[in-house]
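Please look over the sequence and the model shown here before reading on.

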Amino acid sequence: MVLTIILGVLFTILGFVFASFFGVVISRVPNGESIVRPASHCDSCGHTLKWYENIPILSFIFLRGKCKECGAKIPVFFFIYEILGGLFICLAYVQFGLSINFLFASLIVLILLLIGGYDYKTNTILDIFWIIFLALTIGFDVYRIVVLGYVWWHFLVGAGALGGFFLLLKVVFYLIKKEDVLGTGDVIFMAVAGLLLGYKTILIAVLVASILGCIIELSLIAAKKKDKESPIPFCPYLALGVFVAMVYGESIINLVIGG
Ligand SMILES: [Zn+2]
């Protein structure tokens with residue numbers, strides 16, 4: 001019991017640390033900057049962060065969200081992002097326990113976090129991201145089919161259904177609006193998500209993504225953090241939906257069928 005809790009705390013901290021590193025990737029890679037040099041610094045005054053100003057979660061709280069030198073605000077996005085990283089790993093651990101399932105699930109949580117955050121900031125998915133997502137998904141599928149006796153075609157149908165649906169959406173949007181609202185990266189991402197989830201739980205992912213997307217986007221518009229014309233990022237919400245479906249999908253289905 002004590003060991004379970006200690007491991008849970010350690011995994012959560014690992015989630016914070018990875019999310020913090022992904023935050024660096026998200027803010028530097030799109031500008032063609034190195035992720036190692038220069039050391040972390042304030043974007044306003046260039047002040048190089050001391051180690052205690054660079055601790056995930058804690059530094060943001062101690063510094064009250066401001067640079068110690070110039071008082072410029074540190075974007076709250078990265079604070080929330082780090083919290084989500086730890087929370088998601090923790091939830092996956094609570095659900096799966098120390099198991100091969102957890103190993104795959106936590107690695108997939110990390111790549112979902114990276115894809116969602118990067119897309120939120122830049123509206124693009126790098127090819128390397130979905131290639132890693134695909135590789136992890138194939139590994140997880142093979143493990144579940146060979147060792148746990150899952151049915152192989154459930155995953156293929158999931159990929160076809162979810163990928164096909166988003167491909168159709170892309171075509172329809174293109175015909176109506178004459179512009180690419182859904183990128184090819186989004187469609188590939190959803191096909192891989194279907195391959196991960198299998199056809200039974202893909203609907204949960206889409207539902208969760210739609211509901212969360214509506215609530216959060218409308219709140220941002222209401223709070224005047226965003227105007228109505230700016231594009232709605234699909235991927236971050238879909239990544240959230242895929243996370244919920246991957247971790248809780250089977251429990252939700254058993255609950256619905258059982259009740
Ligand atoms: Zn500063």
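A disulfide is a pair of cysteine sulfur atoms within 2.5 Å. By that criterion, the structure holds zero disulfides. The model under discussion is a predicted one.

**The zinc site**

The zinc ion is coordinated through the SG atoms of Cys-42, Cys-45, Cys-67 and Cys-70, at 2.3 to 2.4 Å. Along the sequence, these donor residues follow the spacing C-x2-C-x21-C-x2-C. The angles subtended by the four donor atoms around the zinc ion run from 106 to 113°. Four donors count as tetrahedral if all angles lie between 85 and 135 degrees, and the arrangement around the zinc ion is therefore tetrahedral.

**Accessibility of cysteines**

| Residue | Relative accessible area | Class |
|---|---|---|
| Cys-42 | 9% | buried |
| Cys-45 | 39% | partly exposed |
| Cys-67 | 9% | buried |
| Cys-90 | 25% | partly exposed |

Buried means under 20% relative accessible area. Cys-42, at 9%, is therefore classed as buried, and Cys-67, also at 9%, is buried as well.

**Domains and their interface**

How is the protein chain divided by the domain assignment? The assignment gives domain 1, covering residues 1-98, and domain 2, covering residues 101-259. Between the C-alpha centres of domain 1 and domain 2 there is a distance of 24 Å.

The two domains also meet. In domain 1, 20 residues are in contact with 20 residues of domain 2. About 1900 Å² of area is buried between domain 1 and domain 2, and carbon and sulfur atoms give 85% of that area. The count of salt bridges between domain 1 and domain 2 is zero.

Definitions and conventions:
Residues are numbered from 1 along each chain as its sequence is written. This is a predicted model: local features need pLDDT of at least 70, side-chain atom pairs count only at pLDDT 80 or more; totals for chains, interfaces and linings use all residues. Side-chain values use heavy atoms; hydrogens and water are left out. Donors are N, O and S atoms within 2.8 Å of the metal (3.2 Å for Na, K and Ca); water is not among the atoms, so sites may look incomplete. Four donors count as tetrahedral if all angles lie between 85 and 135 degrees; four count as square planar and six as octahedral if opposite donors are over 155 degrees apart and all others between 65 and 115; anything else is irregular. Buried means under 20% relative accessible area, exposed over 50%, partly exposed in between (1.4 Å probe, protein chains only). Domain bounds come from an automatic or database domain assignment. Contact means heavy atoms within 4.5 Å. Buried area is the accessible area (1.4 Å probe) that two parts lose on being put together, summed over both. A salt bridge is a side-chain nitrogen of Lys or Arg within 4 Å of a carboxyl oxygen of Asp or Glu.
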